[in-house]
Amino acid sequence: MKAFRRLCIVVITVFLLLTAVLNLFLVGAKDRNEGIYRVEAKRLADEIVETGNYDLEKYPHITGVFSADDGQLYISDEHYLIIEAGSTLYRVEYIVVSGQHSIAAVNYVLGALFLLMIGLLYYIRGHIIVPFSRLSDVPKELARGNLAVTIPEEKSRFFGKFTWGVNLLRESIEDSRKKEITMQRDKKLLLLSLSHDIKTPLSAIKLGAKALAKGLYKDEEKQRAVAKSINTRADEIERFVSEITKAVSEDFMSFEVTQGEAFLSDIITKIDARYAPQLAMSGTEFVVQKYADCILSCDPDRLAECLQNLIENAIKYGDGRRIEISFDKMDGCELITVSNTGCTLEAKELPQIFESFHRGNNADRVQGNGLGLFICRRLMGLMNGEVYADIRDERFYITLVAKMA
């Protein structure tokens with residue numbers, strides 16, 4: 001707010017200074033215009049001396065020339081001056097071009113502009129600066145985890161959608177927190193239940209193993225029965241461990257997809273506008289191949305998110321020389337391929353790159369959590385699509401398969 005006040009003071013001061021300078025210029029121009037009749041009178045006298053005659057059309061500010069022969073040389077209701085030409089006196093009548101009206105008109109216009117400027121600054125203050133200042137602390141409070149922060153409702157068309165979006169963001173964060181708490185509780189209950197269930201077969205295994213180790217069972221048939229029981233209990237433990245692994249690896253993230261339809265060009269235009277300037281500054285050649293526009297059956301925001309993940313990976317793990325987006329069509333699907341040069345990933349790792357938290361051997365010096373491709377696979381699956389990767393000629397290719405509407 002203080003910065004805006006300073007800006008208003010500077011703008012008003014500059015406007016007033018410019019107004020003063022313009023008025024000084026107009027007053028000087030007025031004085032010059034009012035003295036021009038003297039110049040024309042001098043030229044007229046010179047013409048009379050040289051030719052003995054004159055042409056009034058050459059002198060727009062002179063309305064009449066009279067000599068002593070016309071009588072009453074010094075009597076006239078008009079503005080005039082006396083000149084001498086060839087030993088003869090002449091009364092030269094002239095018109096005075098007053099600049100007062102033009103100066104007043106300019107000042108009226110400047111005054112109107114000044115009032116308009118004041119009104120505009122006041123409007124900006126009331127509809128942009130003040131609402132924004134009321135919202136300035138909201139992101140910081142949300143970042144701190146204070147989801148109960150008050151978000152003032154704004155009817156301003158400049159901030160109405162913004163406050164609505166911030167409210168949606170807060171609701172989304174609150175919903176995510178509730179889901180996370182529920183998920184953590186369910187996982188804890190699951191782990192406690194499985195841990196309890198594991199104890200029973202584990203105890204049976206330990207008892208059977210001890211009995212066999214101490215030679216309590218002399219009968220060979222009985223020994224085989226105990227060994228079989230141990231194997232059965234081990235299978236139970238293995239099943240419990242599989243359930244734990246599945247709960248930990250697959251259910252830690254939830255995804256929501258709103259299936260709809262979108263033009264391919266709309267998605268690619270957004271991606272190009274986002275990454276082209278950034279990659280141009282870093283010296284990376286960013287190429288979007290020609291494509292035939294079509295309507296895709298997808299969630300456009302989620303599909304764009306997948307493409308962003310792929311390009312971010314290409315930026316992080318490529319050599320920075322070239323990133324390319326190419327297109328193809330197959331069996332009613334649009335194939336969108338993101339490729340980058342400088343691939344150092346080994347081909348044997350391709351089956352694992354879509355697993356959660358998996359990071360390849362080329363990720364040692366790059367920060368990440370190994371979730372980008374995992375998220376892409378889950379999202380594309382929810383949109384009835386696919387994603388696959390390939391390595392050819394030291395280039396990494398990863399393709400999103402989206403169904404056409």
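The following questions and answers concern a predicted model and its local contacts.

User: On what conventions do the values for this model rest?
Analyst: Residues are numbered from 1 along each chain as its sequence is written, and side-chain values use heavy atoms, with hydrogens and water left out. As the model is predicted, totals for chains, interfaces and linings use all residues, side-chain atom pairs count only at pLDDT 80 or more, and local features need pLDDT of at least 70.

User: How many disulfides does the model hold?
Analyst: A disulfide is taken as a pair of cysteine sulfur atoms within 2.5 Å. Cysteine 294 is in no disulfide, its nearest cysteine sulfur being that of cysteine 298 at 9.4 Å. By this rule the count of disulfides is 0.

User: Is cysteine 298 buried or exposed?
Analyst: Buried means under 20% relative accessible area, exposed means over 50%, and partly exposed lies in between (1.4 Å probe, protein chains only). The relative accessible area of cysteine 298 is 1%, so this residue is buried.

User: In which helix does phenylalanine 15 lie, and in which helix phenylalanine 114, given that their rings pair?
Analyst: Rings of Phe, Tyr and Trp (its six-membered ring) pair if their centres lie within 6.5 Å; planes under 30 degrees apart count as stacked, over 60 as edge-to-face and the rest as tilted. The structure holds 2 aromatic pairs. The rings of phenylalanine 15 and phenylalanine 114 have centres 5.6 Å apart and planes at 35°, so this pair is tilted. The pair ties together parts 99 residues apart in sequence, because phenylalanine 15 lies in helix α1 (residues 2-34) and phenylalanine 114 in helix α3 (residues 100-135).

User: Is phenylalanine 327 buried or partly exposed?
Analyst: Tyrosine 291 is partly exposed, with a relative accessible area of 28%. For phenylalanine 327 the relative accessible area is 16%, so the residue is buried.

User: At which residue of α7 does a kink lie?
Analyst: Helix α7 (residues 264-282) has 19 residues and reaches 27 Å from its first C-alpha to its last, close to the 27 Å expected at 1.5 Å a residue. The expected span is 1.5 Å times one less than the number of residues, and the bend at a residue is the angle between axes fitted to the seven residues ending there and the seven starting there. The buried residues of α7 include Ile271, Tyr275 and Leu279. The kink, of about 30°, lies shortly before proline 277, at tyrosine 275.

User: How many of the residues of strand β8 are buried?
Analyst: Both faces of β8 are covered, with Cys333, Leu335, Thr337, Ser339 and Thr341 buried on one side and Glu334, Ile336, Val338 and Asn340 buried on the other. In a regular strand the side chains alternate between the two faces of the sheet. Strand β8 (residues 333-341) is largely enclosed by the rest of the structure, because the buried count is 9 of 9 residues.

User: Over how many bridges do β8 and β10 pair?
Analyst: Two strands pair if DSSP finds at least two bridges between them. β7 and β8 pair in the antiparallel sense over 8 bridges, and isoleucine 323 stands opposite asparagine 340 in β8. Isoleucine 336 has leucine 400 in β10 as its bridge partner. β8 and β10 also pair in the antiparallel sense, and their bridges number 9.

User: Which residue takes a positive phi in the hairpin of β9 and β10?
Analyst: Strand β9 (residues 386-392) runs antiparallel to strand β10 (residues 395-403), with 7 bridges joining them, and arginine 392 stands opposite arginine 395 in β10. The hairpin has 2 residues between the strands, and the residue with a positive phi, near 55°, is aspartate 393.

User: Over the face of which residue does arginine 392 lie?
Analyst: A charge sits over a ring if NZ of Lys or CZ of Arg is within 6 Å of the ring centre and within 35 degrees of the ring normal. Arginine 392 is placed at 3.9 Å from the ring centre, over the face of tyrosine 397.

Note on methods: Helix = DSSP H or I, 4+ residues; strand = E, 2+ residues; numbered from the N terminus.
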